[in-house]
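Subject: Structure handover

Hello,

Here is the structure I promised to pass on. Please open it beside this email and read the two together.

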Amino acid sequence: MEIYLVIMLVLMILGSINSLHAKDLMSAVISLGIVGFGLVISFLLLYAPDLAIVQVVIEIITLTTTIAVIVSATYELEKKKIGYSSGFYAGTILIFTVIILMVVSRFTNILSYFGQHVMRMADIYIKSAPESGSANLVTGIVLHFRAYDTLGEATVLVTAVIGVLTILRHSGKKKDN
Amino acid sequence: MISPHGMTIIVKKICQFIAPTIFLFGIYISVYGHLSPGGGFAGGVIMASAFILQILSDGSLLEKLKSERWRLELSESLSIFSFLILAVLGLLLAGTAVFFGNFLPPGKLGQLISGGFIPIGNLIIGIEVCASMTLIFVALIIFKDEESE
Amino acid sequence: MILFVLCFVLFMIGLYGVILQRNLIKIIIGLAIMEYSVYLFLILIGYVKGGTVPIISDFFENGPFVDPLPQALVLTAIVIGLATKALLLSVAIRLYKHYGTFDIRKMNNLKG
C-alpha cells in the first residue's frame, strides 16, 4: 500500500510544479486540481473516508468558483517569462535542496517509522466511545470530546465570510451624489 | 458568463431535477454523520454545491438571492447562535455541568436516534457551513457582475 | 520515511511558489499547495499499520483503528482553508479592479 501512496505523492508533486509554471491562469488552476484529487485518493488509501468526502466537494467548489469568477473575468497571458536569470534559479533550487536534506537528517531521529504510531491520546477516545454514543469516532471527537474546537471553527468561518463581504462591498457609490 | 436568462432549457431542466437530489443527499450525510462517514461539514458543503449548481445554470435564482441576501446571513447567524445555546444547555442541564455537556441520553450505539445531541449538532453545523459557502459564492458573483457592467 | 520526505518536498514547492512567483493567483496556488501538504502530513502521522476505518460497527471486526484525532482536526481545517482561500481571492480581484493586472511588480502605490 505504501507504494501507491508514493506514486500519488509523485503525481501531486508533478502537478504542483506544472501548476506553478503554467503559461495562463486557466491551466494553472486546473493543474491545482491534480494536487487536490490526488489528496482525495491518498485520504482513501489512509482510511480517512470523512476527509475524502469533504475534500472532493471542496475541490470541485474551489475549481468552479475560481474559474467562474476569477479567470473568466480577468483573462491575461503571461507575455514574457519571469525575469530572473538561470543562475538565480539554480541557486534557489540548491538552497531548497540543502534545507530539505537538513530537515530530513534532523527528523529521522524524531519521527517514528510510517505506520508505527504510538496511540496514547487516541486510546482514551476509542475506549470511551460508547460514552459519547457515536459510532463514527471522528464525529464523536468533533462534537463531543472537542466540541469547543468546533465552536471556534464556526466562529472563524463567520469571520471569514464577514471579511469577504466587507472587502467586496461597494464603497464608492455615495461619491456620485 | 452568467446571464439573467441562464443557459439553454435542457441544462436548466436537468439541473432542476438534479439539484434537489443533491440537497437531500447533503441532509442525509449530515443526519447520519454519527453512524457512517460524513458529518456536518461534509453535508453542509454538499448542500452548498446544490445551491451553486442552481446559481450557475439558472439565472432567476441568482436574482432572488441578490435581493434576499439577508436570508442567508440570518440562517448563518442563527445556526451559530443555536450552537452556542446548545453548549450553554449542556452547562445547565448535564449532570457533569461542563460546557458542551451531553444532556440527552446516549441511547444504543448504532441506531439513528442515539448519541445525545450529536445529530442535532451535526445538522446545525451543516446549515452553518452551507449558508457560509453560498454567501461567499453569491458575493463573488455579484461583484463580478457589477464590475463587468 | 520516504513518504514524509515527499510530503516535505511538496511543502517546499509551495513555498517556492509563494516566494518567487509574481502573479497573485499563482501565489494563492502556492499557499494552497502548502496547505494540502500539511493535511497529508498530519494524516500520515496518524496512520497505524493494519488499522481500519474508525467506525464502530456490528458487521465488521472492530480491530485496531487508525488515529481519529488528526482526522478530526484536519476535517475542520479543510473547511476553514476554503473560507480563507475565498478571502484571498476577493482581495486579489479587488486589486485587479484597481490596478488592471495581477502582477505584483506593478502594484506600486505604497512604494516609498
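This is a predicted model: local features need pLDDT of at least 70, side-chain atom pairs count only at pLDDT 80 or more; totals for chains, interfaces and linings use all residues.

**Chain A**

Start with the fold. Chain A has eight helices and zero strands. Read from the N terminus, its elements run α-α-α-α-α-α-α-α. The chain holds 177 residues, and buried ones make up 47% of them. Now take the contacts in chain A between residues at least 6 apart in sequence. Of these, 45% join residues at least 24 apart.

**Chain C against chain A**

Here 72 residues of chain C are in contact with 83 residues of chain A. The two chains bury about 7400 Å² between them, with 79% of that on carbon and sulfur atoms. Three residues stand out on the chain C side: Met1(C), Tyr36(C) and Tyr47(C). Together they supply 10% of the area that chain C buries against chain A, more than any other three residues.

What about charge pairing and polar contacts? The count of salt bridges between chain C and chain A is zero. The rule does find nine residue pairs in polar contact across this interface, both residues being at pLDDT 80 or more.

Several helices build the chain C side. Helix H1 (2-20), helix H2 (24-45) and H3 of chain C each supply at least two residues. H3(C) gives the largest share, 23 residues. By class, this side has 53 nonpolar, 12 polar and seven charged residues.

**Chain A against chain B**

This contact takes 37 residues from chain A and 45 residues from chain B. The pair buries about 3700 Å² between them, 80% of it on carbon and sulfur atoms. On the chain A side, look for three leucines: Leu143(A), Leu151(A) and Leu168(A). They supply 15% of the area that chain A buries against chain B, more than any other three residues.

Salt bridges between chain A and chain B again come to zero. Six residue pairs are in polar contact across the interface, both residues at pLDDT 80 or more. Four helices of chain A each supply at least two residues of the side that touches chain B: H3 (49-73), H6 (129-132), H7 (137-145) and H8 (147-167). H3(A) gives the most, with 13 residues. The residues on this side of chain A divide into 22 nonpolar, 12 polar and three charged.

**Where three chains come together**

Find Ser90(C), in helix H3 (residues 68-99) of chain C. Leaving aside residues up to four places away in sequence, Ser90(C) touches Val164(A), Ile167(A), Leu168(A) and Leu140(B). Its relative accessible area is 0%, so Ser90(C) is buried.

**Cysteines**

How many disulfides are there over all chains? The count comes to zero. Cys15(B) is in no disulfide, and the nearest cysteine sulfur, that of Cys130(B), is 17 Å away. Cys15(B) counts as buried because its relative accessibility is 9%, and the cut-off for buried is under 20%. Cys7(C) is buried too, with a relative accessible area of 3%.

**One backbone angle to look at**

Most residues other than glycine have a negative phi. Tyr47(A) is not a glycine, yet it has a positive phi of about 60°. You will find Tyr47(A) in the loop between helix H2 (25-45) and H3 of chain A. Tyr47(A) counts as partly exposed, at 31% relative accessibility.

Best wishes

How values were computed. Residues are numbered from 1 along each chain as its sequence is written. Chains are lettered from A and ligands numbered from 1 in the order in which they are written. Side-chain values use heavy atoms; hydrogens and water are left out. Contact means heavy atoms within 4.5 Å. Buried area is the accessible area (1.4 Å probe) that two parts lose on being put together, summed over both. A salt bridge is a side-chain nitrogen of Lys or Arg within 4 Å of a carboxyl oxygen of Asp or Glu. A polar contact is a pair of N or O atoms within 3.5 Å; within protein, one must be able to donate a hydrogen and the other to accept it, and residues adjacent in sequence count only if both atoms are side-chain atoms. Ala, Val, Leu, Ile, Met, Phe, Trp, Tyr, Cys and Pro count as nonpolar, Asp, Glu, Lys and Arg as charged, and the others, Gly among them, as polar. A disulfide is a pair of cysteine sulfur atoms within 2.5 Å. Buried means under 20% relative accessible area, exposed over 50%, partly exposed in between (1.4 Å probe, protein chains only).
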